[in-house]
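Here's a quick briefing to read alongside the model. Have the sequence and the 3D view open as you go.

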Amino acid sequence: MRRAVSTVPHYRERYAATGTLPPLTRDEAEHRRHLLMPLGSSLLARRDPGRPVTEHLAELRDALRTAGHRTGGREVYEVSTALREPVRAYGTDWRVLLAPTADALPHVVERYGTGDRGPGGDTLVVGDAGHSRGPGRDALVVGDAGQPQGTGAATVERVTLAAAARTLPAPGSLWYEPWLGHLGGVPADCGELHLSADRVHARLLDGTTVLTLLRRRRPTLVHVRPEGAGSFAPASCPRHGVPILGRTP
């Protein structure tokens, strides 16, 4: 928090006006994104290279491990609306499946055809509800090879906090917010919503659950309030003794 106040225009303004850092909503973050960059680090939108893929994969790997999934020595396919070349990291091949909602889907099918390469065997397929069902010709397109036809791939569903507030997330699912990334997971042996504790800190601020992403700098995200936060509060897992978000009465 001290670093945010001293180096990030948004937080300097808020602290100067109120003496505290009120919760940051998704709409405000999108509107003031340029002010969430540390001083000297902001770029014009057309020149911003975006978030490095290595950071994204590190967060995804931590969330998968938090949810109890082994990643080393297997392939991981992430359902996405954008293509990306396969990446080798942490002893894992990280690949992309193009979601059926992607604008580029007809072009990709026309260009790459409907080959039979895809997830199969000892692999994980990570996607949002409805996209992470067992891979098949009518469901997903492999970003670099056509449509997946393999069998045996384990599916991992991503859920938002708002969705988790309505329905208990499935064991082994990941906590994912489109504007914040992969934040944790639900281990099968306890069913609690674990935080990726090295990356996410949760606290109550005026009775509201807010998050600070400990390793984010561009943008810097302190005291963010995801949708659905009102149904959860920071707690400790009764089985594992690690940080969780527990349901409020």
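Which residue in E6 is the bridge partner of Val126? It's Val156, and Val126 itself lies in strand E4. Before going further, bear in mind that this is a predicted model, where local features need pLDDT of at least 70, side-chain atom pairs count only at pLDDT 80 or more, and totals for chains, interfaces and linings use all residues. Residues are numbered from 1 along each chain as its sequence is written, and side-chain values use heavy atoms, with hydrogens and water left out.

**Strands around E6**

- Helices (H or I, at least four residues) and strands (E, at least two) are DSSP runs, numbered from the N terminus.
- E4 and E6 run parallel and are joined by five bridges; two strands count as paired if DSSP finds at least two bridges between them.
- E6 also pairs with strand E7 (residues 174-177), again in the parallel sense, over two bridges.
- On that side, Val159 has Trp175 in E7 as its bridge partner.
- A right-handed β-α-β unit is made by E6, helix H6 (residues 161-166) and E7. "Right-handed" here means that, with the strands pointing away from the viewer, the path from the first strand over the helix to the second runs clockwise.
- Val126 and Tyr77 sit 49 residues apart in sequence, yet their C-alpha atoms are 6.1 Å apart in space.

**Salt bridges**

- The count comes to 10 salt bridges, each being a side-chain nitrogen of Lys or Arg within 4 Å of a carboxyl oxygen of Asp or Glu.
- Asp128 and Arg158 form one of them, at 2.9 Å from N to O. This pair ties together distant parts of the chain, with Asp128 in strand E4 (residues 123-128) and Arg158 in strand E6 (residues 154-159), 30 residues apart.
- Arg158 counts as buried at 7% relative accessibility, while Asp128 is partly exposed at 30%. Salt bridges with shared partners join Glu78, Asp128 and Arg158 into one network.
- Glu28 and Arg14 meet in another salt bridge, 2.3 Å from N to O.
- Arg14 is partly exposed, with a relative accessible area of 22%.
- Glu59 and Arg216 make a salt bridge too, their closest N and O atoms being 3.0 Å apart. Glu59 is in helix H4 (residues 53-66) and Arg216 in the loop between strand E11 (208-213) and strand E12 (232-236), 157 residues apart.
- Both ends are buried: Glu59 has a relative accessible area of 6%, and Arg216 comes in at 9%.

**The cavity**

- A search of the whole structure turns up one cavity of 30 Å³ or more. On a 1 Å grid over the protein atoms alone, a cavity is a set of points where a 1.4 Å probe fits but cannot get out, and lining residues have an atom within 4 Å of a point.
- The largest cavity holds about 40 Å³ of space, the volume being the space filled by probe spheres set on the points, which are joined across faces, edges and corners.
- Its lining is made up of Glu59, His182, Leu183, Arg199, Val200, Leu213, Arg215 and Arg216.
- That lining divides into three nonpolar, one polar and four charged residues (Ala, Val, Leu, Ile, Met, Phe, Trp, Tyr, Cys and Pro count as nonpolar, Asp, Glu, Lys and Arg as charged, and the others, Gly among them, as polar).

Technical notes
Buried means under 20% relative accessible area, exposed over 50%, partly exposed in between (1.4 Å probe, protein chains only). On a 1 Å grid over the protein atoms alone, a cavity is a set of points where a 1.4 Å probe fits but cannot get out, and a pocket is an open set with protein on both sides within 12 Å along at least five of seven lines; lining residues have an atom within 4 Å of a point.
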